[in-house]
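I'm opening my notebook on a new structure today.

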Amino acid sequence: NRLAREYIARNPIGYAKFHLSTLIPFFLTDGMREPLQALRLAPREFLGLRDLYLNRDVPGLARTVFSGGALPMIFLVGFTLWAAITALMTVGIVRGFVRRETRLASFVLSVMIAIMAVSSGVVTTVRFRYAITPLIFLCAAYGAYEIIHRYPQLQRARDDRGAHTAGQSG
C-alpha cells in the first residue's frame, strides 16, 4: 500500500493516464464471457485481452480476437453491443447537458457513473460494471430517444414500421 502511494506521488500524471486507459475496457468489454464461464457454458480458457491491451500489443490483440472459437466470438458480439450502448450513453449525457430541463439529471447521472467507474480501480473486470449498468442503460435509452427524435427520417421509418405491422394484425 505504501509502495503504491509512493509510485503515485512520484508519477501522478502517468498513473492517471494508466487509470484512465483502463476505463476503455471497463466500458467496452463484452460482459458475457465471465458469467458464461461461471455457469460452465463457455470454455474456461484465458484470452489475456486485458494484458494485450495494457501492453499496447495491437497485433496480438487482433490475432487473439479474430482467432475463431467460442470466446473470441462472444467477445466480438459483446464488444459490439457495449460499444453501441456506450455511444448511446454518451449521446444521452451530452444531449442531457444541452437541454436546460435535463441538465441537472444528466450531471448527476454522469457524476454517479464516473465515480463508480473510477472507484472500480484499475481492475477493469466487468463485474464492477454491473452496479452502474442500470444508469448506463438509462442514459443510453435517452441517447437513443434523442437520436430518433432529432432525425425525422428515423422517426418516420419507425412510425411506418408500426403502421405496417398494425395493418397486418387486423
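Predicted model: local features only at pLDDT ≥ 70, side-chain atom pairs only at ≥ 80, totals over all residues.

**Entry 1: a starting residue**

Which helix is Val108 found in? I looked it up, and Val108 belongs to helix H8.

**Entry 2: the whole protein**

I stepped back to see what else is there. I found 10 helices and 0 strands. Reading from the N terminus, I get the elements α-α-α-α-α-α-α-α-α-α. The protein has 170 residues, and 30% of them are buried.

**Entry 3: a nonpolar patch**

Val108 is part of a nonpolar patch on the surface, together with Phe97, Leu104, Phe107, Val111, Met112 and Ile115. Which helix gives the largest share of the patch? I got helix H8, residues 103–119, with 6 residues.

Ile115 sits in helix H8. Ile115 counts as exposed because its relative accessible area is 53%, and the cut-off is over 50%. I also checked Ile115 against Ile132, which is 17 residues away along the chain. Their C-alpha atoms are 9.8 Å apart.

**Entry 4: H8 and H9**

How do the axes of H8 and H9 cross? They come within 10 Å of each other, and the crossing angle is roughly 140 degrees. Helix H9 covers residues 133–150. I had to think about what to call that angle. Over 145 degrees would count as roughly antiparallel. H8 and H9 are therefore oblique to each other. I also noted that their crossing is left-handed.

**Entry 5: salt bridges**

A reminder to myself: side chains of opposite charge can pair when their charged atoms come close. How many salt bridges does the structure hold? I have 3 in my notes.

I began with Arg2 and Glu6. Their side chains meet in a salt bridge, 2.5 Å from N to O. Both residues lie in helix H1, residues 2–10. They are 4 residues apart, about one turn of the helix. Arg2 is exposed, at 57% relative accessible area, while Glu6 is partly exposed, at 33%.

Next I went to Arg95 and Glu146. The closest N and O atoms of this salt bridge are 3.0 Å apart. Arg95 lies in helix H7 (residues 70–98) and Glu146 in helix H9, so this pair ties together parts that are 51 residues apart in sequence. Arg95 and Glu146 are both buried.

Glu146 turned up again in my notes, this time with Arg99. For that salt bridge the closest N and O atoms are 3.4 Å apart. The pair links distant parts of the chain, with Glu146 in helix H9 and Arg99 in the loop between H7 and H8, 47 residues apart.

Why does Glu146 count as buried? Its relative accessibility is 4%, and buried means under 20%. Arg99 is partly exposed, with a relative accessible area of 34%.

Which residues end up in one network? Arg95, Arg99 and Glu146 do, joined by salt bridges that share partners.

Key
Residues numbered from 1 in each chain as written. Heavy atoms only, no water. Patch = residues over 30% accessible without salt bridge, like charges linked within 9 Å, V, L, I, M, F, W, Y side chains within 5 Å. Areas by Shrake-Rupley, 256 points an atom, 1.4 Å probe, with all protein chains shown as cover. Salt bridge = Lys/Arg side-chain N within 4 Å of Asp/Glu carboxyl O. Helix = DSSP H or I, 4+ residues; strand = E, 2+ residues; numbered from the N terminus. Axes fitted to C-alpha atoms, helices over the stretch in contact; angles between N-to-C directions. Parallel < 35°, antiparallel > 145°, perpendicular 65-115°, else oblique. Left-handed = near helix turned anticlockwise from the far one by under 90°. Buried < 20%, exposed > 50% of the residue type's maximum accessible area, 1.4 Å probe, protein only.
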